[in-house]
Amino acid sequence: MQPNSRNLILVLALVLGFVLVYALTSAPPRGHEVPFSAFLNLVDGGQVTDAIIKGPQVTGKTTSGEVFVTTVPRYFAIVPMLYVKRVHFRIESTEQNGLFYAILSSWLPIILIIGVWVFFMRQMQGGNKMMSFGKSKAKKSDENSVKVTFADVAGIEESKAELDEIVEFLRDPSKFEKLGGKIPTGVLLVGEPGTGKTLLAKAIAGEAGTAFLSISGSDFVEMFVGVGASRVRDLFAQARAVAPCIIFIDEIDAVGRHRGAGLGGGNDEREQTLNQLLVEMDGFGGNEGVIVVAATNRPDVLDSALTRPGRFDRQVVVPKPDTNGRCQILGVHVREITLDPDVDLKIIAQGTPGFTGADLANLANEAALNAARKNKKTVSMTDFEEARDKLMLGKERRSMVVGDQEKRTTAYHEAGHAIVAALMEGVDPVHKVTIVPRGRALGLTMLLPKEDRFSQNKSQLLGMLAMMMGGRAAEELIFNHFTTGASNDLERATQVAHRMVCNWGMSEKIGPIYLAVGQSEVFLGRDLMKKKRISQSSAKLIDQEVKKIVNDAYKTATKMLKKNIDVLHKVSERLIEAETIDGSYIDEALGKVAQVS
């Protein structure tokens, strides 16, 4: 039995003993039973001094101090008789409260006080810390508790190499210190959501033969003032006690944001926590053998004092994987999946541009679920393609009833996108066109690049804008009216044109000037009071240039579709008939007519 449990049982036994002693000692004395006739004689003789009337029962006391009890008949009026003989008497209620009521009324407050005292005693820590508010919530891991290793991390080899070096620092620090080098204090993992930052931290825990403490940034924040700073102190105290040690703080932006950025200013609880973290990482006290690894997808909001060398000496960027990286990641996630011989991971990787490691893991799982739904014994290439389309385009809504006229309008709209995309140079090849409702869209045109792209030139962007306007242009050519289906196309086209003018300097009138100042979301109070450096005339010119770029793209799309009006009709009719066509059909249809230069 635990010591706390034994103490609790002992306290409860003592309380119960006190209650029983009180109940026995405080009970009124019970006298001997006398007949009613004897009671009348005693009263008539003046030998009764006191009496207590409780219903039909009377408890009396004689002049000699003897206590007696008698029962009075219901029809006998005893009160006038006692009054005449000058007997001191009182009448009590006949309601029976009982022993339990007496215990509750007398001892309940004492029991509650003792219970609260026992609760506080059980929450005591170390003699100085009351309760567990100030204690760190970090989870400690050892070599056997974490099964993830660097072999389970693929597609981000450069990031993995830098962290592998950190593990080597801890395993053999003398190798680096003999040349005068110092072990890094901290490593900041920066990357978009799903790129594998937390997975890398788990791999460090699995590879390092040292203690590993993991905690989330939000675990430092509490409603009680000073708790966050106390937890930071306790976390680093635990780490120093078992050094060499690695501390992993996930989502550090929850506690490491800019100080003084709030609208009211001041030194709030979060800032106290950050100040303590800064001191623990690089202050007067030593921090030997403790390396802090933190992860965030918002490095722009972190305090500059936190990201400087000496605290986070290294910033490891965890990027989205390229084609080879995606192929390697898929190889990791299909280890436990029974694949069909026709599955080619390289083709799947080429068809999933922009997917992160988390997206690819979800893709492999969706493909396996799709195969199981069809009672297959293996996962085929078709399952992967269906899973990819579901993740990229949304799930098919074949139960949705679409009218013939609306279906025809959607077919021409998507055919316009596909034909302009196939004719414009620099635009990604058309992979699939469908008028089956998916997600919130009535139809979709899916483009897949032949290779990964990390930048785009002006002609490619103009081609993409023309492709976006192709659907609206086709509607105007065929039906001479517009629908709301082009809303998302217009939104994306306007955003791209605005970035061409303000961010990328691709406007002929404005030139290579960066004008995207103050267009980002306001972060706390940091950006609220910043002055805009764009004059009214410049803002007017920006609007004019954005409008011109979008209108030129619309004219280009209209011109192409007019010259290929027969192909537009052919592709649309095919879409109405089959609902989904491949990009190869678009190429075959366009091969019969002259291409637009």
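## The model at a glance

Because this is a predicted model, local features need pLDDT of at least 70 and side-chain atom pairs count only at pLDDT 80 or more, while totals for chains, interfaces and linings use all residues. Residues are numbered from 1 along each chain as its sequence is written, and side-chain values use heavy atoms, with hydrogens and water left out.

The protein's secondary structure comes to 20 helices and 16 strands. Helices (H or I, at least four residues) and strands (E, at least two) are DSSP runs, numbered from the N terminus. Of its 597 residues, 40% count as buried; buried means under 20% relative accessible area, exposed means over 50%, and partly exposed lies in between (1.4 Å probe, protein chains only).

## The annotated glutamate

An unreviewed UniProt entry carries the annotation "active site" at Glu414. UniProt positions are given in the numbering used here, feature names are shortened, and annotations may be inferred rather than shown by experiment.

Glutamate 414 belongs to helix H15 (residues 404-423). This glutamate counts as buried because its relative accessibility is 6%. Beyond its neighbours within four places in sequence, glutamate 414 is in contact with Val433, Thr434, Ile435, Gly443, Leu444, Thr445 and Leu575.

## The strands around S14

Strand S14 covers residues 430-434, and four of its five residues are buried. S14 pairs with strand S15 (residues 444-447) in the antiparallel sense over four bridges; two strands pair if DSSP finds at least two bridges between them. Threonine 434 has leucine 444 in S15 as its bridge partner, and both residues are among the contacts of glutamate 414.

S14 is also joined to strand S16 (residues 580-582), by three bridges and again running antiparallel. Here lysine 432 stands opposite aspartate 582 in S16.

## Two nonpolar cores

A nonpolar core is a set of buried Ala, Val, Leu, Ile, Met, Phe, Trp, Tyr and Cys residues joined through side-chain atoms within 4.5 Å. The largest one has 49 residues, of which Ile419, Leu465 and Val571 touch the most other members. At least two residues of this core come from each of H15, S14, helix H16 (458-479), helix H17 (487-502), helix H18 (536-563), helix H19 (565-578) and helix H20 (583-590). Not counting residues up to four places away in sequence, isoleucine 419 touches Leu561, Val567, Leu568, Val571 and Leu590. Apart from this core lies another, of 26 residues, including Leu188, Ala211, Val232 and Met281.

Helix H7 (residues 197-207) has Lys197, Leu200, Ala201, Ala203, Ile204, Ala205 and Gly206 as its buried residues. These pack against helix H5 (157-171), strand S9 (186-190), strand S10 (211-216), S11 and strand S12 (290-296).

S1 runs parallel to strand S4 (residues 67-71), and two bridges join them; glutamate 33 has valine 69 in S4 as its bridge partner.

## Cysteines and positive phi values

How many disulfides does a search of the whole structure find? The search finds zero, taking a disulfide as a pair of cysteine sulfur atoms within 2.5 Å. Cysteine 502 is buried, at 0% relative accessibility, whereas cysteine 327 is partly exposed at 23%.

Most residues other than glycine have a negative phi. Glutamate 251, in the loop between strand S11 (245-250) and helix H9 (269-281), has a positive phi near 50°. Glutamate 579, in the loop between H19 and S16, has a positive phi of about 70°. Both count as partly exposed, with glutamate 251 at 34% and glutamate 579 at 25%.

Methods. Contact = heavy atoms within 4.5 Å.
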